[in-house]
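Please examine the sequence and the structure shown here.

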Amino acid sequence: MKVHRYLTVLVLTSFVLIWYYILRVNNGIFTGLGGLGANSSAALARRGPGLRQNAPSNASEIAIVVVACGERHNEALNMIKSAIMFNRNQSPLRFVVVAEDQLKQNFVEKLDDWQEINDNIFTYEIHSLTFPAKDKDEWKKLFKPCAAQRLFLPSLLTHIDSVLYVDSDTIFLAPVQELWSLFKTFNASQFAGMAPEHEDKNAGWYNRFARHPYYGDLGVNSGVMLMNLTRMREFRWEQHIMPIYREFRLKLVWGDQDIINILFHHHPDRLLVFPCDWNYRADHCMYMSVCEAPDGVKIVHGNRGYFHSLVQPIFNLLYTTVEEYAFRTDIHANFIRTIEDSLALPSNSNCDKLLDKFLQDPRKYFKQNLYEEDT
């Protein structure tokens, strides 16, 4: 009899623990159709109350989308961290993460910790990768793993009106609110915004090598992209994407970015082109400075692995300094001064010589300690 009671208690205890774990990890997660076919689904986790108590009640939430596959989850977390660090206006942020299933728990644990440290100034949701059932494997591998996911955000995120999509290898140096405000400048036909692929025709890739149509004279770079999803759905975005892929699939060097360029070649009135400040790459400075950035660099894009090499040291330094920064400590001392001290010696890198451009916005707004140092 005692053994029976013992086993009953053991079973009940195990059930309670398992149920607690499910609630803890999957709080708010549900599975539903992503709009791309009967076999596709998106797992969604909504976390946190969203606004600080002292935030304006009419503040518009800013949705930032990132896709993470393989080793890209560390980059994606670093991008999110930088957006929080430089959100000096304390705008309410919602991070929308689209990730492989095995990476979800890592995002949940880290973002839960950051929510608590930052007084729930942001919320987040996590979705499963969702590609069309037909040619699913091809879409997933196009150019680089999962990059083509951005093409299907209108169907995946049917509950969201507009988003800022950023590649995982990006770092914010200015409040995202400044870029988000460009949505207000869209005319009646525009539903997307991007920066040019190049600033100089002599170095342009599309005008010299592309075997397919592209936007304007130099093409656009899709690493940072404002997307009015509602208008894209009305435009039937994905119905335009599919024929482009079928016609040019053997000529796509840069994958989904090429598809986007082809589409806006045929529909240029749908695109707003914003300055290179908001998608600053090594291409803009490695040979000569070709991005004016009069108000400083706003978003750094470390494409082609520049965050993880010393070819252009300032790109690696910006990434690692964000990675090592501890929330609620002095940004001036632990970010700005760290970078200044690390680049104190003369450098052969043309990008390093533009240090003032990279730190222009942080220096302007983080001149003193905003938080008490941890003791």
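**The chain and its features**

The chain has 13 helices and 11 strands; helices (H or I, at least four residues) and strands (E, at least two) are DSSP runs, numbered from the N terminus. This is a predicted model, in which local features need pLDDT of at least 70 and side-chain atom pairs count only at pLDDT 80 or more, while totals for chains, interfaces and linings use all residues. Residues are numbered from 1 along each chain as its sequence is written, and side-chain values use heavy atoms, with hydrogens and water left out.

Of the 375 residues of the chain, 53% count as buried, where buried means under 20% relative accessible area, exposed over 50% and partly exposed in between (1.4 Å probe, protein chains only). The chain exposes about 17,900 Å², of which carbon and sulfur atoms supply 52%; such areas come from the Shrake-Rupley method with a 1.4 Å probe, and for residues only the protein chains shown count as cover. Among contacts (heavy atoms within 4.5 Å) between residues at least 6 apart in sequence, 74% join residues at least 24 apart.

A disulfide is a covalent bond between the sulfur atoms of two cysteines. A search of the whole structure finds three disulfides, each defined as a pair of cysteine sulfur atoms within 2.5 Å. With bonded cysteines counted along the chain, their pattern is 1-2, 3-5, 4-6.

Cysteine 69 and cysteine 146 form a disulfide with sulfur atoms 1.8 Å apart. The torsion about their S-S bond is about -90°, so this disulfide is left-handed. Cysteine 69 lies in the loop between β3 (62-68) and α2, and cysteine 146 in the loop between α4 (136-141) and α5 (153-156), so the pair ties together parts that are 77 residues apart in sequence. Both cysteine 69 and cysteine 146 are buried.

In the disulfide of cysteine 276 and cysteine 291, the sulfur atoms are 2.0 Å apart. Here the torsion is about 100°, so the disulfide is right-handed. Cysteine 276 and cysteine 291 are both buried.

Cysteine 285 and cysteine 351 also form a disulfide, with sulfur atoms 2.0 Å apart. Its torsion of about 95° makes this disulfide right-handed. Cysteine 285 lies in the loop between β10 and β11, and cysteine 351 in the loop between α12 (331-342) and α13 (355-365), so the pair ties together parts that are 66 residues apart in sequence. Cysteine 285 counts as buried at 1% relative accessibility, and cysteine 351 is buried with a relative accessible area of 0%.

Attention now turns to a pair of helices. The axes of helix α2 (residues 72-85) and helix α11 (residues 313-324) come within 9 Å and cross at roughly 75°. Axes are lines fitted to C-alpha atoms, for helices over the stretch in contact, and angles run from 0 to 180 degrees between N-to-C directions. Helices α2 and α11 are therefore roughly perpendicular to each other, a class that covers 65 to 115 degrees, with angles under 35 counted as roughly parallel, over 145 as roughly antiparallel and the rest as oblique. From α2, the contact is made by Asn74, Glu75, Asn78, Lys81, Ser82 and Met85, and from α11 by Tyr319, Val322, Glu323 and Glu324.

The last stop is leucine 93, placed in strand β4 (residues 93-99). At 1% relative accessibility, leucine 93 counts as buried. Leaving aside neighbours within four places in sequence, leucine 93 is in contact with Glu61, Ile62, Ala83, Asn87, Ile121, Phe122, Thr123 and Val176.
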